[in-house]
Amino acid sequence: MTERVRVAVLAGGPSAEHEVSLQSGQAVLEALPRDLYEPVAVIIDRQGRWPVELRRDLADVVFPVLHGPYGEDGVIQGHLEALGIPYVGCGVLASAVGMNKVAMRRTFLAEDIPVTPHVWFTGHEWRTTTDHWGLVKSLDWPMYVKPASMGSSIGISRVTSMEELRAGVDLALAHDRVVIVEQGLTARELICGVLGGHDTPEASVPGELIVPGDWLDYEAKYLSQAEIATIPAVLPERVAGEVRELSVRAFRAIGGYGLARVDFLYEEDTGRLYVLEINTMPGFTSRSVYARAWAASGVPYPDLLRRLIDLALGRSGS
């Protein structure tokens, strides 16, 4: 009998997305085929403390189901690189660029990938100017205020006035020292999964997020029992093809490896698509739109996990 591959599933961590990560980690642990893998749960607490020292004799490969800063920004990837342990997902550079909404947009613009109008500024710039409107005057209401490096809709505000803008920036600065403000658009919100190595990434069928209000906030994503996505999305064939093409381009632009979820805004009136962001470790909960998009593309969840682990081991040469 072939020896099972030991898979250390990292979950939790010190970011604001700790609870989401725990849900993702539990889903991965439960779905790993036991005939192929020996799962090892490694739950990192909110202070960043590990229950065990990670070593090569503990795990053959690591599945870091960690979201947000520390887990998705290149920090844990660098640690695993230093330990010499293969891991699932993007490397240090792609993770760092994908986590930071400012660096991400700079990369996309350099590759002629369409993004929404936006501005960014530091907390210092915001606190020392007497002209807050001057920082955002190139945009129109409504606007979306976001921390530059955060996910799961944490710290985000939709604003329609200067009073709301100031409150939104204060909230964003509680999570990051850099704030990005994006132009609000009347558009459909689409997603697409990417899976594969540097040279052969594939795109899933697109999905569409079901937005109950003005935007899909943390509660709607993770606490509500309501359906959050239609997969596959009902789109013209041309648009669906463009979503998939842009997803692969965005993945390659940041140097992605393994997986990513690319989020879009689609203006039906103009036919324009905008890449909103790329997530290098999207949610893996039972409600995960990434996993559901691949299931609709013919790759069920256990097979998806196996392909990701194979990619991790293949990259390392193990």
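In which strand is Asp263 found? The points below take up this residue after some remarks on the model and the chain.

1. Basis of the note. The model is predicted, with local features requiring pLDDT of at least 70 and side-chain atom pairs counted only at pLDDT 80 or more, whereas totals for chains, interfaces and linings use all residues. Residues are numbered from 1 along each chain as its sequence is written, and side-chain values use heavy atoms, with hydrogens and water left out.

2. Overall form. The chain has 11 helices and 13 strands, where helices (H or I, at least four residues) and strands (E, at least two) are DSSP runs numbered from the N terminus. The radius of gyration, taken over C-alpha atoms, is compared with a globule rule of 2.2 Å times the number of residues to the power 0.38. For 318 residues a compact globule would have a value near 20 Å, and the 19 Å of the chain therefore agrees. Along the principal axes, the C-alpha atoms fill a box of roughly 65 × 45 × 40 Å.

3. Of the 318 residues in the chain, 55% are buried, a class defined as under 20% relative accessible area, with exposed meaning over 50% and partly exposed in between (1.4 Å probe, protein chains only). Contact means heavy atoms within 4.5 Å, and residues 24 or more positions apart account for 70% of the contacts with a separation of 6 or more. The accessible surface of the chain is about 13,800 Å², and carbon and sulfur atoms hold 49% of that surface; such areas come from the Shrake-Rupley method with a 1.4 Å probe, and for residues only the protein chains shown count as cover.

4. Asp263 is found in strand β12, residues 258–267, and counts as buried because its relative accessibility is 10%. Glu277 lies in strand β13, residues 272–279, and counts as buried at 13% relative accessibility. Leaving aside neighbours within four places in sequence, Glu277 is in contact with Lys101, Met104, Arg261, Val262 and Asp263. With residues up to four places away likewise not counted, Asp263 touches Leu190, Ile191, Tyr274, Val275, Leu276, Glu277 and Asn279.

5. Another residue of β12. Glu267 is also found in strand β12, and its 14% relative accessibility is why it counts as buried. Residues up to four places away in sequence aside, Glu267 touches Leu185, Thr186, Ala187, Arg272 and Tyr274.

6. The annotated active site. The unreviewed UniProt entry gives the annotation "active site" to Glu17, Ser152 and Ser288. Glu17 is found in the loop between β1 (5–12) and α1 (18–31), and is buried, with a relative accessible area of 2%. Ser288 lies in the loop between β13 and α10 (289–296), and counts as buried at 5% relative accessibility.

Technical notes:
UniProt positions renumbered as here; feature names shortened; annotations may be inferred.
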